[in-house]
Amino acid sequence: MKRINFKLLLILMVGAGVAVGGLYALRRLQISRNAGGKLELAKARIAEGKAAEALVLLGQYVSLRPDDDDAFVEYAKLLLGRATSPDASRNDVGRAFDALETAVRRSPEDDALRLQLAEFDVRVGRAPDALEHLKVLEERLAAKTADGKPSDPETAGRVQLMKASAYLGISEYQAAAGTVATVIGYDLAKRQFTEAADGTTAPSVLARWAQLK
């Protein structure tokens with residue numbers, strides 16, 4: 001009966017492990033280079049105004065680099081652009097909503113992105129979800145006030161007007177009217193204008209609200 005050469009067996013096992021490790025490292029390097037190339041191409045297509053091509057490339061990139069939060073935010077924005085186009089399908093809307101929700105969870109401090117999600121929520125009939133996001137934005141804007149006035153009155157006004165639109169979406173008409181009245185400085189009880197809460201004029205605020213509806 002032949003004796004097993006354990007030394008030779010150990011050498012073969014170590015060699016096989018090194019080979020597998022080398023192949024894995026090579027594969028990772030190829031994926032990294034491929035992903036980087038797709039990201040650069042996507043940026044170039046965005047600069048050229050070719051959103052459809054950029055969307056495909058960024059989609060491929062985030063599948064290879066799922067931990068790149070910044071890239072995923074850009075991907076979500078491209079999906080939003082697609083979902084709000086005239087020929088958008090139900091699938092486009094669903095993909096955009098899922099991506100935006102994920103992007104906000106991954107980048108919770110991105111207030112501009114959260115506001116975009118809230119606006120999209122209102123548009124697709126998810127007013128309660130929009131109100132939750134708008135509440136978060138209200139609290140952050142309130143924390144940034146100075147001398148009792150918003151440090152970013154434009155965004156503060158936009159949040160309030162979107163909040164009014166969300167209230168309309170759930171048939172809370174009195175709440176919607178009260179929100180708009182506060183923004184434009186209108187006293188509902190006295191039925192007269194006072195000074196606008198954020199320093200803007202009533203006509204300009206109403207014009208912006210009409211665009212959001």
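Q: What percentage of the residues of the chain count as buried?

A: In this predicted model, 33% of the 213 residues of the chain count as buried. The term applies to residues with under 20% relative accessible area.

Q: What secondary structure does the chain contain, and which pattern does it follow along the sequence?

A: The chain has nine helices and two strands. Their order along the sequence is α-α-α-α-α-α-α-α-β-β-α.

Q: Why is α7 called roughly antiparallel to α8?

A: Helix α7 (residues 153–169) and helix α8 (residues 173–184) pack at an angle of about 165 degrees, and their axes are 7 Å apart. Angles over 145 degrees count as roughly antiparallel, and therefore α7 is described as roughly antiparallel to α8. The crossing of the two helices is left-handed.

Q: Which residues make the contact between α7 and α8?

A: From α7, the contact involves G157, Q160, L161, K163, A164, Y167 and L168; from α8, it involves Y173, A175, A176, T179, V180 and V183. By class, the residues of this contact comprise nine nonpolar, three polar and one charged.

Q: Why is T179 called buried?

A: T179 has a relative accessible area of 9%. The cut-off for the term is under 20%, so T179 is buried. T179 lies in helix α8 and, with residues up to four places away in sequence left out, touches Q160, K163, A164 and Y167.

Q: Which residues of α7 are buried?

A: The buried residues of α7 are A156, G157, V159, Q160, L161, M162, K163, A164, S165, A166 and Y167.

Q: How does the span of α7 compare with the expected value at 1.5 Å a residue?

A: Helix α7 has 17 residues and reaches 24 Å from its first C-alpha to its last, which is close to the 24 Å expected. After α7 comes S171, which has a positive phi near 60 degrees.

Q: How do you know what span helix α2 should have, and what makes the model agree?

A: Helix α2 (residues 51–64) has 14 residues, and at 1.5 Å a residue it should span 20 Å. The expected span is 1.5 Å times one less than the number of residues. The end C-alpha atoms of α2 are 20 Å apart, so the value agrees with the expectation. Within α2, the buried residues are A54, L55, L57, L58, G59, Y61 and V62.

Notes. Residues numbered from 1 in each chain as written. Predicted model: local features only at pLDDT ≥ 70, side-chain atom pairs only at ≥ 80, totals over all residues. Heavy atoms only, no water. Helix = DSSP H or I, 4+ residues; strand = E, 2+ residues; numbered from the N terminus. Buried < 20%, exposed > 50% of the residue type's maximum accessible area, 1.4 Å probe, protein only. Axes fitted to C-alpha atoms, helices over the stretch in contact; angles between N-to-C directions. Parallel < 35°, antiparallel > 145°, perpendicular 65-115°, else oblique. Left-handed = near helix turned anticlockwise from the far one by under 90°. Contact = heavy atoms within 4.5 Å. Nonpolar A, V, L, I, M, F, W, Y, C, P; charged D, E, K, R; others polar.
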